[in-house]
Amino acid sequence: MGGGLAEEDFVELSLAPMSRDQVTRFVRDWHSAARLDEQSRPQGPQGRERERERRTLDEYEHRLLHSVRIYRELRQLATNPLMCGLICALNRDRAGSLPSGRKELYDAALEMLLQRRDPERDVLYADDVRLQQSTRERLLQKLAHAMLEEDASELTRERAVAILDAALPAMPAARAQGDGATIFRHLLHRTGLLRERSGESVDFVHRTFQDYLAAKEIVARGRFPTLVDHAHQSEWEEVIRMAAAHARPEECAQFLERLLAPAPGLRRPQINHRRLMAAACLDHVTELDPAVQRLVHDRTKNLVRPTTELAARGLGWVGPIVLELLPDPGQVPDDRQAHLLACTATRVQDDAAIDYLARLRSRAALPVRTELARGWRHFDTERYAQEIIAHLDPDGLYFPVADTAELAALRELGGRPRIQVAGVMRAEELLTGLLPDQVTHLWLNAELPDTDVSWLSGLPRLRVLRVNPRLPRVRNVPDGVEITA
């Protein structure tokens with residue numbers, strides 16, 4: 001943050017992704033507001049049509065809530081209020097029939113923003129620039145591609161203007177409208193895709209649009225080797241998928257073959273990541289040589305079906321792409337397989353895994369519940385507590401707490417009878433964080449600063465103290481408390 005505001009004790013915050021419940025609430029609130037808007041309009045000769053529109057909004061809301069739960073593409077877009085609002089508007093515009101495909105969804109959103117946004121708001125001549133959607137899109141592609149190549153999430157105003165100035169000589173229709181600065185102002189204020197930060201830099205309103213437009217530019221330039229070089233990096237996943245969707249059949253086939261080729265300079269998880277990217281691309285291509293399809297299936301079919309816990313955990317470290325290729329937990333009846341899915345998903349270092357894990361939280365099998373509880377430390381404490389920990393059956397399950405934040409979150413949930421202390425905490429912190437009337441079993445799996453545990457007398461219902469045998473022997477255990485290893 002700039003010096004002036006920092007000196008005044010202002011704090012810079014990042015907007016966290018909306019949870020599933022927050023998205024649901026936003027969709028309902030958006031449609032409620034739309035119905036109020038319809039009711040506020042004067043009833044005239046078109047009153048019957050407006051009444052029908054209000055009833056139709058109920059159906060649109062129901063369809064959208066169903067689609068957000070079913071389609072990952074929608075869930076990945078609906079991460080902030082701006083994008084949720086766009087999806088609601090797009091759903092209403094398309095009579096409740098949103099595209100289910102990733103590419104088709106982005107195409108529809110861009111068409112709404114770049115071609116119809118201003119006319120449908122009766123904003124026809126906001127500036128002197130007149131550009132077709134295709135021209136606007138190509139110019140935005142230049143900016144998105146530059147961000148990708150420079151590994152930047154934003155561009156300075158000067159850099160953005162320079163990129164446009166360099167592109168204009170090859171685009172006569174845009175060049176006739178003004179210089180780079182003029183075109184930049186037009187794209188910033190009239191497309192709804194860019195936002196300015198403190199008048200000094202610019203970025204895209206959502207990373208997905210940046211990746212989509214960058215992918216189109218890469219395909220237009222034939223820069224597939226660049227994609228292969230970065231295919232082991234999770235931040236390039238969206239670009240790679242959309243490049244495959246836009247590529248011609250021959251280009252796509254060669255690209256996927258290169259993703260499956262040996263890569264001596266990469267580690268095993270990185271090689272697996274490249275192969276899984278090839279499998280993910282199959283969902284987005286329209287036409288592909290059957291021989292290449294078989295090759296992809298043969299090279300990846302065993303990666304997402306691990307048979308041991310070690311292999312399942314190793315698969316999780318590959319990254320978020322794994323979540324898209326794992327089977328639906330609701331379609332896996334076997335508890336052993338469900339446990340392996342939990343082992344994988346809890347190792348995916350991305351909050352998107354929480355949505356996947358939420359579909360395992362109702363499982364009764366203790367190994368599945370234990371794995372879900374153990375995965376807490378890999379994710380945002382409060383969100384994981386609300387979406388996973390709060391729903392786990394406590395019967396026979398030790399809930400791990402690695403720090404005071406997790407301890408406080410568990411206390412907010414009403415505490416649990418079995419607690420595993422998995423992080424180093426002082427006796428005072430434990431007594432403050434635990435609910436004394438709840439705890440019946442305590443597992444000390446991390447070393448305490450003091451082996452004197454006489455403080456356990458502050459937990460009147462405690463009956464069993466489990467101690468890691470590798471830790472120093474505890475002393476002064478209160479009467480009535482059984483010690484086990």
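Predicted model: local features only at pLDDT ≥ 70, side-chain atom pairs only at ≥ 80, totals over all residues.
Start with the core. The largest nonpolar core has 143 residues. Three of them touch the most other members: Phe209, Leu256 and Leu442. Helix α6, residues 102–116, gives this core its largest share, eight residues. In soluble globular proteins, nonpolar side chains tend to be buried together.

Look at Leu442 and its surroundings. Residues up to four places away in sequence are set aside here.

Now move to helix α10, which spans residues 180–190. Its buried residues are Gly180, Ile183, Phe184, His186, Leu187, Leu188 and Arg190. What do these buried residues pack against? They meet the helices α6, α7 (133–149), α8 (157–167) and α9 (172–175). They also meet the strands β2 (194–197) and β3 (201–204). After α10 comes Gly192, with a positive phi near 75 degrees.

The meeting of α7 and α10 can be followed residue by residue. The two axes come within 11 Å and cross at roughly 100 degrees. An angle of 65 to 115 degrees counts as roughly perpendicular, so α7 is roughly perpendicular to α10. On the α7 side, Arg136, Leu139 and Leu140 make the contact. By class, four of the contact residues are nonpolar, one is polar and two are charged.

Next, the aromatic rings. The whole structure holds four aromatic pairs. One of them is formed by Tyr106 and Tyr212. The ring centres of Tyr106 and Tyr212 are 5.3 Å apart, and the planes stand at 75 degrees. Planes over 60 degrees apart count as edge-to-face, so this pair is edge-to-face. Tyr106 belongs to helix α6, and Tyr212 to helix α11 (residues 207–221). The pair therefore ties together parts that are 106 residues apart in sequence. Are these two tyrosines buried or exposed? Tyr106 is buried, with a relative accessible area of 1%. Tyr212 is buried too, at 0%.

Phe224 and Phe255 form another aromatic pair. Their centres lie 5.6 Å apart, with 50 degrees between the planes, and the pair is tilted. Phe224 sits in helix α12 (residues 224–229), and Phe255 in helix α14 (residues 249–260). This pair therefore ties together parts that are 31 residues apart in sequence. Both phenylalanines are buried.

Helix α13, residues 237–246, is mostly covered. Nine of its 10 residues are buried. Among them are Val239, Ile240, Met242, Ala243, Ala244 and Ala245. The charged residues Glu237, Glu238 and Arg241 are buried as well.

End at Gly375. Where does this residue lie? Gly375 is in the loop between α21 (366–374) and α22 (381–387). Its relative accessible area is 0%, and buried means under 20%, so Gly375 counts as buried. Leaving aside neighbours within four places in sequence, Gly375 is in contact with Thr346 and Tyr384. Ile354 is 21 residues from Gly375 along the chain, and the C-alpha atoms of the two are separated by 9.9 Å.

Definitions and conventions
Residues numbered from 1 in each chain as written. Heavy atoms only, no water. Core = buried A, V, L, I, M, F, W, Y, C linked by side-chain atoms within 4.5 Å. Buried < 20%, exposed > 50% of the residue type's maximum accessible area, 1.4 Å probe, protein only. Helix = DSSP H or I, 4+ residues; strand = E, 2+ residues; numbered from the N terminus. Contact = heavy atoms within 4.5 Å. Axes fitted to C-alpha atoms, helices over the stretch in contact; angles between N-to-C directions. Parallel < 35°, antiparallel > 145°, perpendicular 65-115°, else oblique. Phe/Tyr/Trp six-rings, centres within 6.5 Å; stacked < 30°, edge-to-face > 60°.
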